[in-house]
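Trainee: Please take me through the aromatic rings in this model, slowly and with the cut-offs spelled out. I would like to see who sits beside whom.

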Amino acid sequence: MLPVNHPKPYTVVEIAHILKADIFGSQANNHILIRNLWTDTRQSVKTSESIFFCLRGPHFDGHNFLDEAAKKGMFCCVVDCLPEQLRPDVTYLMVRDTKEALQQLAAHHRSQLLETRFIAITGSNGKTMVKEWLYDLLHPHYNCSKSPLSYNSQIGVPLSVWKCSAENQFAIIEAGISLPGEMERLRHIIQPQIGVFTHLGSAHDAGFQSREQKLAEKARLFHTCESILVGADQPDVVDYFRKIYPEKKLLTVSSTCTKADFTFQTNASGEVFFSSKHYDLERIKISSPFKDIISNKNLILALSAGLVLTDGNLQLIEKIPTLFQVRMRMEWTRGLNDCMILNDCYTSDPEALQQALQTLLTSGQYRKKIIVLSEFDQLTEADEQMAFSTLLETLKSSEKLSDTKVLYVGADKFEKLSELPVEKAVFTTTQHLLSYLKKNPPTQSDILLKGARKFQFESIAEQLSASLHETRVEINLSAIGRNLSFFKSLLPVGTKLMAMVKAASYGSGSFELARYLASLGVDYLAVAYADEGVELRNAHITMPVMVMNAHTHLLPLIFENNLEPQIFSFGQINFLKNFETNSPLSIHIKIDTGMHRLGFKSTQLKTLLNELSVLKETLRVRSILSHLSAADDPKEDKFTHWQIEQFHRAADQIDKVLGYHPIRHIFNTAGILDHMDERSEMVRIGIGMYGISHRPDLQIHLQPAIEWHSFVSQVKDLEPGDSIGYGRSFVATKKMKTATIALGYADGFRRILSNGRGGVYIKGIYCPVIGRICMDMTMVDVSHIPDVEEGDPVEIIGPNQAIEKLAQAMNTVPYEVLTSIGTRVKRVYFKES
């Protein structure tokens, strides 16, 4: 979480009084002024003006980083338990719960801002778009503050409110929840006068018993509001607000309901017309830069909110053409020469810059870093100065300045640039930078692209990209993290996690995912073959890695790269007898309990025990494992239980011979859900990370982490008798319209889906395949969609078509779908901001 600059300072004593905290440690800091809230030691922050909150989460405990914070100059912290040794130069504020304390401090600060109008935005979708566009419509003619990025959580909201000042006329705060009870805490912090409800969708459904409960929870945010804007295209939502808030001014916004207070319509030429009964406006033409209905709905919602806030200032409409599409996430893609590209060109405010820098500098610790920036043409002078201060402070705190370079594009060479303690170069245009990169191609580097829209940094991403094929697989790292948390909640305390990243992490990319899994505290990685493990080591992945198919002739390579082989044959054992080593070799013993794939059978156990007794001084058995054959099939439960017992009997005997107790693991994703017991100290999780389960009753707790998208290459009109594709296997019997998609069986969209067996979604509507799927292209029927155009996005796997549905159409399993996606398909990795 980012440290947030705050213009009005509080003393340490004042904060202690607000939090009703007990003060321990140094008293010398009591009257130091606090301007920053600090929650992450990885962030650079002016510690002389900062207080460190030791927050707790599913994968971290801020109290574990007190020493690191102290090394960076921390002088005051908020804790819920004291360390064993108090530092004499640090002041400790002791509270019952550090997250509640953070929220309490923000709520107090909000109560002091009596002249600032607070606007709260919530809903399932569109919150960040509406917030960003509302801010852009108001700024700079009105003094505004807004939530950075998607700071809408129990921690993000208080940090957003903390950065507001008495000089702000408006504070635009985004609020999101995933569980009952959370919104009441956010309402108490924000205390909004104006409310905006975007849309009620399926996001975070798993946390609520019903759609009605989720709506009721979100609506709690508006208890203090005078006016509420809500989309009229969901009548049940409008009816609910009218029922619970009859005394409030409810303003409706719609693209279909002409009786709404604010409406918009589009004509055949794509022109957009805006009307408002509230301000007596009739069909004003607006120059919307967007084509799709969802963006325009969010745009009109932002415009309507802006008119309410400014008492109908029509000058806001003039700013609409300057708006641009909000990308709400940073994306990693693989580049040429073993580079990774972090594309974050969607916003240039100082907080966004700091988060992007933090993401870059903490990923791949041993790799070179290149920061590509442009001048911040849309920032005020003060924000521009803060952005460069952020860059300077962040780089100063980096541990590897010698491997960091800044490439800057802009007509103005800021004086601050000369202060950067790294190698740097300045270019007047993006084209000049592209020429430089062509002559000096980066290698084995992580590259951040963060430029203003007019500099067209997408051309840099295109030049550096390893794949220009526009069909793409999107891997949601945040969803993977949440899915891992769910599985971890099912395990006995202390159970370790081994994440399967074989087959390029089921097609999602090995080392990219491995980096993220390491940050989540996964204990082990597992790969199928030695070269996969070597690739991880070359990418500076240092955590333990088990190689499952460790063929005898590759054992030297495996040990050379500090990998740990799975031993399953006496051929491997004989090799180990003659292998010279100065220290014990880390290995894993595989027991065959009925899968009959790899491993020592029960009839071989006695011989194995004899061999281990001879080798136990030169080997260190890290784990004993086996594999369940049918853990997802209730009809095979008896066999599964037999396998589990066979495994533990064999492991018990190995323990006795070794004289110590290696980790045991037999459970895969299905085994965790249906058969977990406390005798296994580790589990192996693979497909479950991606939100895929054989249990429909548990699927609501998982979030799909993989989406697959393409685009329309061309639209054609067919006459009766026209044929489609190879072999003329489809002939039109009536007038039709088809779309050709940049997707074929070379990408993993298999030929079995031809002629109506499978399909894709365009504009949220199912489009069946017609004709035979080609190597690089697929044709679908779009006769029922009147406005399909070249370039329109196509969903292959996503919200409308789950991977299970596509796998069923392919007559296979989700595993095969994922691993069959072609290597030329671009992989994009992102975390939800």
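Mentor: Rings of Phe, Tyr and Trp (for Trp, its six-membered ring) pair if their centres lie within 6.5 Å; planes under 30 degrees apart are called stacked, over 60 edge-to-face, and the rest tilted. The model is predicted, so local features need pLDDT of at least 70 and side-chain atom pairs count only at pLDDT 80 or more, while totals for chains, interfaces and linings use all residues. Numbering starts from 1 along each chain as its sequence is written, and side-chain values rest on heavy atoms, with hydrogens and water left out.

Searching the whole structure gives 18 aromatic pairs. Take Y761 and Y766: their ring centres are 5.4 Å apart and their planes meet at 65°, so this pair is edge-to-face.

Elsewhere, ring pairs join F197, F222, Y240, F241 and Y245 into a cluster.

Charges meet rings too. A charge sits over a ring if NZ of Lys or CZ of Arg is within 6 Å of the ring centre and within 35 degrees of the ring normal. K146 lies over the face of Y135, 5.2 Å from the ring centre.
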